[in-house]
Amino acid sequence: MIKFLGRKLENPIIASSCIATESVENVLRLAENGVQGAILKSCANYQRGDVSGKRQFAVGKDGFLYASSPFEKEILTLEECLSMLTELREKTDILLIPSFTANSLETSEWLPSCQMLAQSGADAVQLDFFYMGNLIGTENFGYKLTALLHELIAEIPIPIMPKLNINLPKDY
Ligand SMILES: Cc1cc2nc3c(=O)[nH]c(=O)nc-3n(C[C@H](O)[C@H](O)[C@H](O)COP(=O)(O)O)c2cc1C
């Protein structure tokens, strides 16, 4: 038997945050096909401007896949995620795990939004540190990262799941 987030699961499949989890329709389709939980497409507390680029994929001669996409195409607004979460909570009982990201390691940038996500029926919150790779050169980066995690763990009533950027040292 598989237990995760206090729930007995029928199988160990949880969809990671991606295109398949960026709309209510897509998540419901995952649920209909037996997926036990979904980490929703990452969101941030920002206003979307005009999107000038689009999501693009290309396969190089070496067989590797290259992708590029602007922040505003990839990252949902907090409002979009809250509305998706609220609708999904009514329509499915699979594990719903929104993913939140911010542009700094200040607790004030993370805590209020993560609390709102927790209050809207999330089973856990993923912290998406993908963009934190840009901050790695800043003073006391490691200390600030762990301080942020300590504060969020203390204040958020549901589990938090930090997702490290591949560019961050594995020791973190
Ligand atoms: C198109 C696309 C969009 C993604 N968007 C997100 C995202 O918003 N948040 C996130 O945490 N990960 C995102 N990911 C990363 C995936 O969740 C996953 O970690 C990554 O694809 C590695 O897993 P894989 O090797 O099975 O593909 C995205 C991946 C893809 C391909």
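Where is the place of Asn140? Select Asn140: its place is in the loop between β11 (125-128) and α5 (141-155). Helices (H or I, at least four residues) and strands (E, at least two) are DSSP runs, numbered from the N terminus. This is a predicted model, in which local features need pLDDT of at least 70 and side-chain atom pairs count only at pLDDT 80 or more, while totals for chains, interfaces and linings use all residues. Residues are numbered from 1 along each chain as its sequence is written.

Stay on Asn140. Asn140 has a positive phi of about 55 degrees although it is not a glycine. Asn140 counts as exposed because it has 9 C-beta neighbours inside 10 Å. The cut-offs, with C-beta atoms placed from the backbone, are these: a residue is buried if 20 or more other C-beta atoms lie within 10 Å of its own, exposed if 12 or fewer, and partly exposed in between.

Next, select Leu5, in the loop between β1 (2-4) and β2 (7-9). Leu5 also is not a glycine and has a positive phi of about 55 degrees. Leu5 has 15 C-beta neighbours inside 10 Å and therefore counts as partly exposed.

Now colour β11. Val125 and Leu127 point one way from this strand, Gln126 and Asp128 point the other way, and all are buried. β11 pairs in the parallel sense with β10 (residues 99-100) over 2 bridges; two strands pair if DSSP finds at least two bridges between them. Ser99 stands opposite Gln126 in β11. Right-handed means that, with the strands pointing away from the viewer, the path from the first strand over the helix to the second runs clockwise.

Turn to the strand β12 (residues 160-163), which runs parallel to β11 and is joined to β11 by 4 bridges. Leu127 has Pro162 in β12 as its bridge partner. From β11 the chain crosses through α5 to β12, and this β-α-β crossover is right-handed.

Select Val125 again and show its contacts (C-beta atoms, placed from the backbone, within 7 Å). Leaving aside neighbours within four places in sequence, Val125 is in contact with residues including Ile97, Phe100, Cys114, Leu117 and Ile160. Val125 is also one of the residues with the most contacts inside the largest nonpolar core, which has 34 residues. Such a core is a set of buried Ala, Val, Leu, Ile, Met, Phe, Trp, Tyr and Cys residues joined through C-beta atoms within 7 Å. α3 (78-91) gives the most to this core, with 5 residues. In soluble globular proteins, nonpolar side chains tend to be buried together.

Which residues are around the ligand? Select Ser16, Ser17, Cys18, Ile19, Lys41, Ser42, Glu74, Ser99, Asp128 and Lys163. The criterion is a C-beta atom, placed from the backbone, within 6 Å of the molecule. The shell divides into 2 nonpolar, 4 polar and 4 charged residues. Here Ala, Val, Leu, Ile, Met, Phe, Trp, Tyr, Cys and Pro count as nonpolar, Asp, Glu, Lys and Arg as charged, and the others, Gly among them, as polar.

For the last stop, select Val51, in the loop between β5 (43-44) and β6 (56-59). Val51 counts as exposed because it has 11 C-beta neighbours inside 10 Å. Val51 and Phe71 are 20 residues apart in sequence and 8.8 Å apart in space, C-alpha to C-alpha.

Definitions and conventions
Two residues are in contact if their C-beta atoms, placed from the backbone, lie within 7 Å.
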